[in-house]
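I opened a notebook for this structure. These are my entries, in the order I looked things up.

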Amino acid sequence: MGADLEVGPLQPEVIPIGLMLSAEGLREHQKLSAEHVTFSLTEACPLRCAHCIVATVPVVDRSRTMPLSRAEAYAAQLPDLVRRGVRLVSFTGGEPLLARRQLTVLSTAAAAAGCDVTVVTSAHWATSPQSAARVIASLPGVRYWHLSTDTYHLPFVGLERVIWAAKAALEAGREVMIRLTVPSEPTAACLDIHRRLRSELPEAPVFCQNVIGMGRASEGGDRPPISTSGRSWPCIPNSMVVRFDGSIGPCCAGLVDTRDSHPFQYPNADDIRLEGAHRAWSTDPLLQLIRAAGFDAVMGWLDEIAPDNPVVADPPAHPCDLCVRLWDDPVIAPALRERASRPENVRKIAELTRVVFGETFMMEEGEPCS
């Protein structure tokens, strides 16, 4: 039998990119964005990874780190967010563990308010298994540890530090995810990292994502080919983002580090409190239309408003890229905002979010829907 057996060519090792979601799984991810708030505690970072979408500053620059007094004020307001349905609080940066006191105050308060708490970190602080265990123990409010590593991080943080941090978190009863960024055609080095992580950390899932062509990666972003236009793909904003200075970002993706030149502008959280910021985000008709239905309706309006806009003829394939490109023309944002804010459209969008997500934010009396 062996002589007659035909053996085909060996299949190359494949790194799974992204998540495979059913329609219901996608809806749950989109719904979660209204139940999730992210704090970007600092834009300081000890690393200079070439793929980073945030314009970080050196560790010695404390001008873009949340003051402790602001963190304490927000910590006292977290129960207000819980009453609005928020159940997940995340911390990012920069490197959030550079703002350790602020992270401690906010993560402790979030856990006490009943929220699950996640931190996204490079694990640069895990200089030994012992130091990793001490850091994990010092942040009892953080349940989920998302540890970032890839070929971009390795020149700054060795893989052993990520492994030490992950093992310390697991031994302390926390949950761990490894976040690995890879090009659309993974290199041998990427495969080696993935293989070692799966070998040494079998209990920790590895989530792989592609490079986004924004921030420092704007010249070298590498998206995989997508068979359909970005206007047909859903948007998952992940969460509202509260930056170190109290300014509000609409998502934790393409616009996380973009403060203007897009229509999702909200008052500072210092002025309207976290509850008011969440209200502004969750009742923004343009954002909620894109979140619930993707870009098809918005692109239909764009066909009417600016048919010669290059995005109409050649929309980017990825929804995050499409979103960023839409706002290149300064006329587009106010025109689309006006169209979404018409009373008849606000009513339709409010009903859409009710049907799709079971949300009534835009229907509640006193909520500013436009």
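I began with H124. Setting aside neighbours within four places in sequence, I found H124 in contact with P46, L47, E95, L98, V157 and R161. Contact here means heavy atoms within 4.5 Å. H124 sits in the loop between β3 (116-121) and α4 (129-137). Helices (H or I, at least four residues) and strands (E, at least two) are DSSP runs, numbered from the N terminus.

A note on the source: this is a predicted model, where local features need pLDDT of at least 70, side-chain atom pairs count only at pLDDT 80 or more, and totals for chains, interfaces and linings use all residues. Residues are numbered from 1 along each chain as its sequence is written, and side-chain values use heavy atoms, with hydrogens and water left out.

Is H124 buried or exposed? Its relative accessibility is 18%, so H124 counts as buried. The cut-offs are under 20% relative accessible area for buried, over 50% for exposed, and partly exposed in between (1.4 Å probe, protein chains only).

Next I followed the contact to L98. L98 lies in the loop between β2 (88-92) and α3 (100-112). Not counting residues up to four places away in sequence, L98 touches T42, A44, C45, P46, V59, R62 and H124. I checked R62: L98 and R62 are 36 residues apart in sequence, yet 9.6 Å apart in space, C-alpha to C-alpha.

G94 is also in the loop between β2 and α3. The peptide bond from G93 to G94 is cis, with omega near 20°. I noted the background: most residues other than glycine have a negative phi, and most peptide bonds are trans.

Then I looked up positive phi values. N238, not a glycine, has phi near 75°. N238 is in the loop between β6 (206-210) and β7 (240-242). At 34% relative accessibility, N238 counts as partly exposed. S261 is not a glycine either, and its phi is positive, about 60°. S261 lies in the loop between β8 (248-249) and α7 (269-282).

My last entry is a helix pair. At what angle do the axes of α8 and α9 cross? The axes of α8 (residues 285-293) and α9 (residues 296-305) cross at roughly 120° and come within 8 Å. Axes are lines fitted to C-alpha atoms, for helices over the stretch in contact, and angles run from 0 to 180 degrees between N-to-C directions. α8 and α9 are therefore oblique to each other. Angles under 35 degrees count as roughly parallel, over 145 as roughly antiparallel, 65 to 115 as roughly perpendicular and the rest as oblique. L286, L289, I290 and A293 of α8 meet D296, A297, V298 and W301 of α9.
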